[in-house]
Amino acid sequence: MGQKTVRFSDLSGQLITEDDALARIVVHDHPELGDGPVEFEALTDEAKVIEKAALRVAIVELHVPGEDEPRRVVVDAATIDALATHTPMNELLITARPARPARRATKTTSGSASSNSTNTSTSTSTSGGGRVNYATLEHAGEPHKGKTTDLEKQLVRDHFDEINDRLVAQGLRTISLADPEHVERYGLQDLASEFMPGQEALPIKELTSERDEDLPLDDIQDELAS
């Protein structure tokens, strides 16, 4: 006797009768969300309702003098755009430097320093005492020397926002689509062109912060000759 799988929308409880009517919805952030992203199934029409209700927002981290921890807020994109009165926000986002890693608080006592050293040693090694495996969701995207494996690149592409959220929480530098080195290292050309239209048409050299006057004279002459 054959079996037939019947699916229902997790949102409304309605019967999903056709495969093409099934939508997968992943929730990355919500006031009631626990430790990490969750997903559920719903009708395609229900997913489209969510899309139509979407707002243009900006997620901003505020580092205020005198406060140890930054504040992370979600604001209407038009509100923060209006603050950019000198340079339009779309230009400012492209030319701005990548965010610096957050500074971690350091303790002055020798006992605390020893403890921090132990914790750092533990966190940067595997349970077997070996090196950190950056080809895992737990460590992918963290700054490290050496080759970036194809698996780590894939993890960064597939979980870009999630990994950047983790890097912020760890006080590490985030991965910037405006940084040519990051784009090249993790193979983010498609993401960069999607979220920053037009950038892919610029040579990588033009996207760096290096100025021509910082280059040796011989290099400048070579550039002009070419």
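Arg-24 touches Glu-39 and Phe-40, not counting residues up to four places away in sequence; contact here means heavy atoms within 4.5 Å. The model is predicted, so local features need pLDDT of at least 70 and side-chain atom pairs count only at pLDDT 80 or more, while totals for chains, interfaces and linings use all residues. Residues are numbered from 1 along each chain as its sequence is written, and side-chain values use heavy atoms, with hydrogens and water left out.

Arg-24 lies in strand β3. Helices (H or I, at least four residues) and strands (E, at least two) are DSSP runs, numbered from the N terminus. At 61% relative accessibility, Arg-24 counts as exposed. Buried means under 20% relative accessible area, exposed over 50%, and partly exposed in between (1.4 Å probe, protein chains only). The side chain of Arg-24 makes a polar contact with the side chain of Glu-39, at 2.9 Å. A polar contact is a pair of N or O atoms within 3.5 Å; within protein, one must be able to donate a hydrogen and the other to accept it, and residues adjacent in sequence count only if both atoms are side-chain atoms.

Glu-39 and Arg-24 also form a salt bridge, with the closest N and O atoms 2.9 Å apart. This pair links distant parts of the chain: Glu-39 sits in strand β4 (residues 38-43) and Arg-24 in strand β3 (residues 22-27), 15 residues apart. A salt bridge is a side-chain nitrogen of Lys or Arg within 4 Å of a carboxyl oxygen of Asp or Glu. Side chains of opposite charge can pair when their charged atoms come close. Glu-39 is partly exposed, with a relative accessible area of 48%.

The two strands themselves are paired. β3 and β4 run in the antiparallel sense over six bridges; strands pair if DSSP finds at least two bridges between them. Val-26 stands opposite Glu-39 in β4. β3 has a covered face, with Ala-23, Ile-25 and Val-27. Its uncovered face carries Leu-22, Arg-24 and Val-26. Leu-43 is 30 residues from Gly-13 in sequence, and their C-alpha atoms are 9.6 Å apart in space. Gly-13 is found in the loop between β1 (7-8) and β2 (15-16). This glycine, Gly-13, is partly exposed at 43% relative accessible area.

A search of the whole structure finds five salt bridges. One of them joins Arg-72 to Asp-165, with the closest N and O atoms 2.9 Å apart. Here too the pair links distant parts of the chain: Arg-72 is in strand β6 (residues 71-76) and Asp-165 in helix α6 (residues 160-170), 93 residues apart. Arg-72 is partly exposed at 47% relative accessible area. Asp-165 is partly exposed at 36%. Another salt bridge joins Arg-71 to Glu-67, with the closest N and O atoms 2.4 Å apart. Arg-71 counts as partly exposed at 43%, and Glu-67 is partly exposed at 33%.

Helix α5 (residues 150-158) has Glu-152, Leu-155 and Val-156 buried. These residues cover an arc of only 95 degrees around the axis, which puts them on the same side of α5. The arc is that of the directions from the helix axis to the C-beta atoms. An α-helix has 3.6 residues a turn, so residues three or four places apart point the same way. The face of α5 turned away from its buried side carries the exposed residues Asp-150 and Asp-158. Cover for the buried residues of α5 includes α6 and α7 (180-186).

Ser-176 lies in the loop between α6 and α7. At 16% relative accessibility, Ser-176 counts as buried. A polar atom of its side chain lies 3.0 Å from the backbone nitrogen of Ala-178. Leaving aside neighbours within four places in sequence, Ser-176 is in contact with Pro-98, His-182 and Val-183.Overall, the secondary structure comes to 10 helices and six strands. Of the 226 residues of the protein, 21% count as buried. Among contacts between residues at least 6 apart in sequence, 36% join residues at least 24 apart. The accessible surface comes to about 17400 Å², of which 52% belongs to carbon and sulfur atoms. Accessible areas come from the Shrake-Rupley method with a 1.4 Å probe; for residues, only the protein chains shown count as cover.
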